[in-house]
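Have the viewer open as you read.

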Amino acid sequence: MFATLTRTATSHARTRCAVFGPAAGGSTGRFVVRSFASLEVESSDYSDRVEHTDDTHFLLILGKPGGGKGTISGKVLKDMPNFHHLSSGDVLRHHVREGTEVGNEAKKYMNEGKLVPDEVMVRLIMEDAHRFVDEGKSLLLDGFPRTLEQAAALDKALDVDLVINLDIPTETIVDRISDRWIHAPSGRVYSYSYKPPKVEGKDDITGEDLIQRDDDKPDCVRQRLAQYDETTAPLVDFYEKKGVLKTFQGTMSDVIYPEVKNWLDEKLAHD
């Protein structure tokens, strides 16, 4: 069922700050990725595309890292239990852990310290997607797609009919992430704005020093967000042109979510 994607080599910027590189892509059609921004369809005969129905929908939430995607996703899953959360990261870890054929292929790249190629992530994601669709579930896609080529690939395989774009101001996210301090040995996380330590700079349990990770520092956060904007802007345009995207603006998830839920309720009711 799964075809093969080939793509030209793409250089990835290397910096001291952690960056959010391309994640999962998706396809079960026959086409070749020539470059990041151009796709050539080799065959118009595509009979396996999964279309949304009155009862089965495919939802994607776009938004900057630290912009509340996880919070909004959790609320959607709680209020709309027919949606199954399909995380590209979870799918990858599952297949690697279980030693599946495609999981072992992905593991080779991981062991070499490389990003798992889009064509491998395609097969991982679509295997699980088909399984849940066959059970009558709707899907909430997480971490997939994150680039234009991945979105175009996914569109050949899956009829994404609902896209939420969370437009959170960059400085709100910078303030939120750079406020985070951790106790490295235990992984305990503190935030001076909503979960401060009892003693400034010290872990509540051990009294040891708290640290701030390099990629939580303001300059690195801004760099990651700038890269996200550059990579994801074409995605927003892609889904806007398909007429399935709605943008929600704000700074607090608890304020934004009622608007998200109202929009989803309206779209699902119309189907």
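How many bridges join β3 to β6, and do they run parallel or antiparallel? There are 5 bridges between β3 and β6, and the two strands run parallel. Strands here are DSSP runs of E with at least two residues, helices are runs of H or I with at least four residues, and both are numbered from the N terminus. Two strands count as paired if DSSP finds at least two bridges between them.

Before going further, the ground rules: this is a predicted model, local features need pLDDT of at least 70, side-chain atom pairs count only at pLDDT 80 or more, and totals for chains, interfaces and linings use all residues. Residues are numbered from 1 along each chain as its sequence is written, and side-chain values use heavy atoms, with hydrogens and water left out.

pLDDT is the predictor's confidence in each residue, from 0 to 100. The protein chain has a mean pLDDT of 81, with 82% of its residues at 70 or more. Where pLDDT is low, the predicted coordinates should not be read in detail.

**The overall picture**

The protein chain has 8 helices and 9 strands. Of its 271 residues, 42% are buried, where buried means under 20% relative accessible area, exposed over 50%, and partly exposed in between (1.4 Å probe, protein chains only). Among contacts with a separation of 6 or more, 74% are between residues 24 or more positions apart.

**The sheet**

Five strands make an open sheet in the order β4-β5-β3-β6-β9, with parallel pairing. The edge strands, each pairing on one side only, are β4 (83-87) and β9. From one strand to the next, the twist averages 20 degrees. Some of the pairings look like this:

| Pair | Bridges | Example partners |
|---|---|---|
| β4 and β5 | 5 bridges | leucine 86 and leucine 141 |
| β3 and β6 | 5 bridges | isoleucine 61 and isoleucine 164 |

Strand β3 has 6 of its 6 residues buried, so the rest of the structure largely encloses it. Phe58, Leu60 and Leu62 point one way from β3, while Leu59, Ile61 and Gly63 point the other way.

Isoleucine 182 has valine 189 of β8 as its bridge partner. The hairpin of β7 and β8 has 4 residues between the strands, and its glycine 187 takes a positive phi near 85 degrees.

**Helices**

The axes of helix α3 (residues 101-111) and α4 come within 10 Å and cross at roughly 145 degrees; axes are lines fitted to C-alpha atoms, for helices over the stretch in contact, and angles run from 0 to 180 degrees between N-to-C directions. On the α3 side, Val102, Gly103, Glu105, Ala106 and Tyr109 make the contact, and on the α4 side Val120, Arg123, Leu124 and Glu127 do.

Helix α5 (residues 148-157) has 8 of its 10 residues buried, so the rest of the structure largely encloses this helix. Among the buried ones are Glu149, Gln150 and Asp155.

Is aspartate 128 buried or exposed? Aspartate 128 is buried, at a relative accessible area of 7%. This residue is found in helix α4 (residues 118-134), and, leaving aside neighbours within four places in sequence, aspartate 128 contacts Leu86, Val91 and His95.

Aspartate 167 sits in strand β6 and counts as partly exposed, at 30% relative accessibility. Not counting residues up to four places away in sequence, aspartate 167 touches Lys64, Thr247, Phe248, Gln249 and Gly250. The C-alpha atoms of aspartate 167 and phenylalanine 248 are separated by 5.9 Å, though the two residues are 81 apart along the chain.

How values were computed:
Contact = heavy atoms within 4.5 Å.
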